[in-house]
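Notebook open, structure on screen. I'll jot down what I look up, one spot at a time.

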Amino acid sequence: MLRMLTAGVSFQNLLAYFLSSVVIVFLVLPVHEFAHGYVAYKLGDPTPRYQGRLTLNPLAHIDIIGSLCILLLGFGWAKPVQINARYFRNPKKDMAITALAGPVSNLLVAFIATLILYLYVFAVGQNISVFILYFLLFLIEINIHLAVFNLIPIPPLDGSRLLSAFLPDRQYYKLMQYERFIFYGVLALIWIGALDRPISFLSNGIITAYKGIFNLIFPDYVGALVQYIL
């Protein structure tokens with residue numbers, strides 16, 4: 001993915017990466033957490049509303065360390081929305097649905113950004129602005145990576161909440177006792193690059209699916225240009 005990035009680092013693509021990361025921090029992460037809170041609220045949990053999390057105001061969601069990780073490392077997190085499963089009619093099922101809402105919101109933003117990329121290429125042809133191109137590419141990549149990363153089924157990521165629908169309560173709660181230590185281990189794996197290949201593999205599969213959808217809609221030359229770009 002992002003073959004164009006192999007051309008080298010320039011001020012333009014660094015600026016585009018920074019601005020797309022700012023969009024992630026101030027728009028995408030709030031959308032991610034709002035999605036969790038809104039779905040939980042709709043399933044009967046008033047906690048997100050009482051805590052002021054049913055808003056897209058980034059100030060309600062920003063975590064300083066997680067935001068710095070987005071800007072510097074390309075992955076990160078916002079302040080988690082607290083969910084009280086006791087309010088759910090079906091705690092296991094509803095917790096899994098609530099957990100899934102965040103990554104789905106990232107995939108939706110990436111899908112919309114891919115659509116905008118196709119529309120942009122369709123409108124300008126080969127007269128592509130490098131800055132706009134890199135901005136959209138980084139926005140697509142970071143959103144998909146966030147979705148894939150959050151779906152890893154280990155605490156405290158969203159994927160671990162999905163496990164609650166499949167694991168017996170005793171085993172699940174025992175796993176959650178080690179949530180903090182497991183997460184530190186995940187951060188270490190990310191730091192040394194051990195998760196780069198599997199995350200990139202899954203991310204490339206998602207963008208290939210997106211391209212397959214839009215290639216059915218747009219003229220062949222648009223698909224060919226996007227194929228070269230992505």
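This is a predicted model: local features need pLDDT of at least 70, side-chain atom pairs count only at pLDDT 80 or more; totals for chains, interfaces and linings use all residues.

**Entry 1: L119.** I started with L119, which sits in helix 4. Is L119 buried, exposed or something in between? I got a relative accessibility of 43%, so L119 counts as partly exposed. The cut-offs I'm using are under 20% for buried and over 50% for exposed.

**Entry 2: F26.** Next I went to F26, a helix 1 residue. F26 also comes out at 43% relative accessibility, so I put it down as partly exposed. Which residues does F26 touch, once neighbours within four places in sequence are set aside? I found P58 and I62. I looked at H61 too: its C-alpha is 8.9 Å from that of F26, and the two are 35 residues apart along the chain.

**Entry 3: N84.** I then looked for N84 and found it in the loop that runs between helix 3 and helix 4. Its relative accessible area is 19%, and the limit for buried is under 20%, so N84 goes down as buried. Ignoring neighbours within four places in sequence, I have N84 in contact with D45 and T47.

**Entry 4: helix 3.** I listed the buried residues of helix 3 as G66, S67, C69 and I70. They span an arc of only 155 degrees around the axis, so they share one side of helix 3. What do these buried residues pack against? I wrote down helix 1 (11-42) and helix 5. Turning to the other side of helix 3, I found I64, I65 and L72 exposed.

**Entry 5: the nonpolar patch.** I64, I65 and L72 belong to a nonpolar patch of about 930 Å², along with L68, L73, L189, W191 and I192. Which helix gives the most to this patch? Helix 3 does, with five residues. Helix 3 (64-73) and helix 8 (179-192) each put in at least two. I picked out W191, which is in helix 8. Its relative accessibility is 67%, so I noted W191 as exposed.

**Entry 6: helix 10.** For helix 10 (residues 220-229) I have V222, G223, V226 and I229 as buried. Viewed down the axis of helix 10, these fall within an arc of 120 degrees, so they line one face of the helix. Where do they pack? I see them against helix 4 (91-124), helix 5 (130-150) and helix 9 (196-215). Helix 5 is one I had already written down as a packing partner of the buried residues of helix 3. On the face of helix 10 that points away from its buried side, I found D220 and Y228 exposed.

**Entry 7: confidence.** Last, I checked how far the predictor backs its own model. The protein chain averages a pLDDT of 84, and 91% of the residues score at least 70.

How values were computed:
Residues are numbered from 1 along each chain as its sequence is written. Side-chain values use heavy atoms; hydrogens and water are left out. Patches are made of residues with over 30% relative accessible area and no salt bridge: like charges are joined within 9 Å, nonpolar side chains (Val, Leu, Ile, Met, Phe, Trp, Tyr) within 5 Å. Accessible areas come from the Shrake-Rupley method with a 1.4 Å probe; for residues, only the protein chains shown count as cover. A salt bridge is a side-chain nitrogen of Lys or Arg within 4 Å of a carboxyl oxygen of Asp or Glu. Helices (H or I, at least four residues) and strands (E, at least two) are DSSP runs, numbered from the N terminus. Buried means under 20% relative accessible area, exposed over 50%, partly exposed in between (1.4 Å probe, protein chains only). The arc is that of the directions from the helix axis to the C-beta atoms. Contact means heavy atoms within 4.5 Å. pLDDT is the predictor's confidence in each residue, from 0 to 100.
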